[in-house]
Amino acid sequence: MAPPSQHCFDTVNGATNNGVVPVVMVDTPQQKLPCPTLLDADEFRRQGHHVIDFIADYYSRIGDYPVHPSVTPGFLRNQLAGAAPSRPEPDAFGSALRDVRDLILPGITHWQSPRHFAHFPASSSTVGALGEALTAGINVIPFTWTASPAATELEMVVIDWLGKALHLPDSLLFAGGGGGALLGTSCEAILCALVAARDRKLAEIGGKRIVDLVVYCSDQTHFAFRKAARIAGIQRDQCREIRTCHANMFALSPTELRDAMQADVDAGLVPLFLCATVGTTQTTAVDPIGELCAVAAPHGVWVHVDAAYAGSALVCPEFRDVIDGVESVDSFSMNAHKWLLANNDCCAMWVKKPCALIAALGTEQEYILRDSEASDVVDYKDWTMTLTRRFRALKVWLVLRCYGVDGLRHHVRSHVRMAEAFENMVKADGRFEVVTDRRFALVCFRLRPREEFGGQKTANELNRSLLAEVNAFGSGPYMSSANVGGMYMLRCAVGSTLTEERHVEDAWTVVQDRASAILQRMEIIYSVVSRSVRNLG
C-alpha cells in the first residue's frame, strides 16, 4: 500500500513554504495563547495547497489500497487520544494530515477505487470536489431568498436545468408550475413528499383519521420508505409491502397493487401514498410508473418515484422509457451524487404542486426568517425538513457547466458498456448465470446450482462462499450480494469514475479463479463422500 507522498507535509519538519515558518508555542503561565488566524487568507492558501496535494496524491495511488480494509472494531479509537487537545500542537494541521494518511486512509472503504463494485457509485469528479470546496469556503445558509438571494435562485435554475437534462415533464419544473429543491439524500425527499401527502389527505378527511392511512410499496423498495412512514405517523402494520417475483423481474405488479388498495378501502382504510422505484437497490428493478399511476388515481393516492440510482441514466434518451407515465406522478427524486459526478451529498426532488409541500412544511413564526413579501420568492425553509441547508446548487451548476449534458451522457454510457461487457463474460461461462435482466450498470449473477452438489439447496451457500473469497482477494474487486426471491446472488455495480475496462476484466478473472477453486474443493469432498457411501453399501 502506497499512501499519499510526503511532499505535502514538508513544513512539519521545519521547512518553509511561501515564507511561512511553523510557530512553536510553549505553554507557560506567563505566556498567553496567541489568537489563531482562523480565516487568514495567506494561511488558508498555504494549507489549502497541502490539502489539494494530499487529495491528488490519494487519487493517483488509490489503486494501491485494498478496496475494503481488514480491520477490527476499535482499531482507530485505540490509536487516537481519548479527549481533544486543549491547545494545538506545533503545525497541528500538518500533523493531522499525517494521521489521515497513516491512520484513517488505511481503515476506510475506498469508494472511489476503480475496483469498488459493491455499491451504487458515490461519484466524484474534479469539478464536483472543487465545487464542494467552493461551497464550504463561501459557507452561506440559503434557508430563505433574503438569506442568500443568489443561492436560492441558482438552486431554482439548477433544478430546471437538471430536470430538462433528465427529460422530466414540464409539470415538475419551475418553468411549468412545479418546482424542486436540492436535499441531502432520497431519504429526505421521500419523507418530505410523504408528509405533504399526509397533510393534504388529512385536510380532506380530518386529522383524527391518521390511524386509517395506508401506504404502499414493493418488497424491493428501499427501507428508507418504511422509516419515513413511521416518522410520518403511519401505523407500522399499514405499510403494505407487495411481493414481487422473479418472473416479473421483481417489479411491482399493478394488479397486486389494485387488489391491495381495494381491500383496504373495503376495510374502511384510506390509501394515501405509493412509493414506486426506478432502479431498486438489490437488482435495479423498474416499477411500471404509468400503470401504477392509473391504479392509484381513483383513490387520490400521492405517487412518488424514487430513482435514487437510475435517475441519473435518464440523461441518456435510450433510458427514457423506464419512466413512461411520469407525467402523472406527484413527486420524483434522484441522487445526483450517485452517478452524475456531483460529489456527496446531493439529492434532487421535484414536485408537481409545491403548494402541498409548503402547506405541510412551511413555518408560521417568521420573525427574522423572512423579510421579503414578493409573491414569487422561494423560501426553501418551507420546502424541506431542515432550516439550515447547504448551498448544493453551486456544485451541481459547476458540474453541468463544466461537463455539459453530453459529458454526463458519456460518463453514464461508459459504465453501462462496461457492465454489458461483464454480463457477456458471465454468460460465456456455462458455470454461471445472470439472474436478473441488466437494465443499467449492475449485473446480478451467481454460480448455477449443481445437482451433484445438492442443487438449489446448496446454491445459496455456494455463492456466499464465492463472494467471501472474491472479497478476500487482496488486490481484487470488492462486490456485494443480494438475496431476492430466495436466491442469493453476487452484485457487480460498475460506477466508479476511475473504473476502466481492465478493472472489469480483472474482476471477472478473480471471480472465475475463485469459482474454480471452490468447485474443485467441492468435487473432492463429494467424491470422498460418494466413495464412503459406496463402501458402506
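Asp345 is found in the loop between helix H9 (336-339) and strand E7 (347-351), in a predicted model. Helices (H or I, at least four residues) and strands (E, at least two) are DSSP runs, numbered from the N terminus. Asp345 is partly exposed, with a relative accessible area of 23%; buried means under 20% relative accessible area, exposed over 50%, and partly exposed in between (1.4 Å probe, protein chains only). Leaving aside neighbours within four places in sequence, Asp345 is in contact with Gly184, His337, Arg390, Arg392 and Lys395, where contact means heavy atoms within 4.5 Å. Asp345 and Arg392 are 47 residues apart along the chain, and their C-alpha atoms are separated by 8.0 Å.

Residues are numbered from 1 along each chain as its sequence is written, and side-chain values use heavy atoms, with hydrogens and water left out. Because the model is predicted, local features need pLDDT of at least 70 and side-chain atom pairs count only at pLDDT 80 or more, while totals for chains, interfaces and linings use all residues.

The protein averages a pLDDT of 91, and 90% of the residues score at least 70; pLDDT is the predictor's confidence in each residue, from 0 to 100. Over residues 1-29 the pLDDT is below 50, and this stretch has 58 contacts in the model beyond near neighbours in sequence. The secondary structure comes to 13 helices and eleven strands. Of the 537 residues in the protein, 49% are buried. Among contacts with a separation of 6 or more, 75% are between residues 24 or more positions apart.

Two strands pair if DSSP finds at least two bridges between them. Axes here are lines fitted to C-alpha atoms, for helices over the stretch in contact, and angles run from 0 to 180 degrees between N-to-C directions.

Within this sheet, E6 and E7 run antiparallel and are joined by five bridges. Met334 stands opposite Ala348 in E7.

Ser333 lies in strand E6 and is buried, with a relative accessible area of 0%. Its side chain makes a polar contact with the side chain of His304 at 3.0 Å. A polar contact is a pair of N or O atoms within 3.5 Å; within protein, one must be able to donate a hydrogen and the other to accept it, and residues adjacent in sequence count only if both atoms are side-chain atoms. Not counting residues up to four places away in sequence, Ser333 touches several others, including Ser186, Ala189, Cys347 and Met349.

At 1.5 Å a residue, the 17 residues of H4 (residues 149-165) should span 24 Å, and its end C-alpha atoms are 24 Å apart, which agrees; the expected span is 1.5 Å times one less than the number of residues. Buried residues of H4 include Leu154, Val158, Ile159 and Leu162. The buried residues of H4 pack against strand E1 (179-183), strand E6 (331-335), E7 and helix H11 (392-428). Just after H4, His167 takes a positive phi of about 65 degrees.

H11 also lies across E8, E9 and E11, running at about 15 degrees to E9. These strands belong to an open sheet of four in the order E8-E9-E11-E10, with antiparallel pairing. Strand E8 (432-434) and E10 are the edge strands, each pairing on one side only. The twist averages 40 degrees from one strand to the next. Strand E9 (residues 442-447) pairs with E11 over four bridges, and the bridge partner of Cys444 in E11 is Arg491. Helix H12 (residues 456-472) lies across E8, E9, E10 and E11, at about 30 degrees to E11.

E10 and E11 form a hairpin with two residues between them, and Gly485 in the turn has a positive phi of about 60 degrees. In a regular strand the side chains alternate between the two faces of the sheet. Strand E10 (residues 480-484) has a covered face of Ser480, Ala482 and Val484, and an uncovered one of Ser481 and Asn483.
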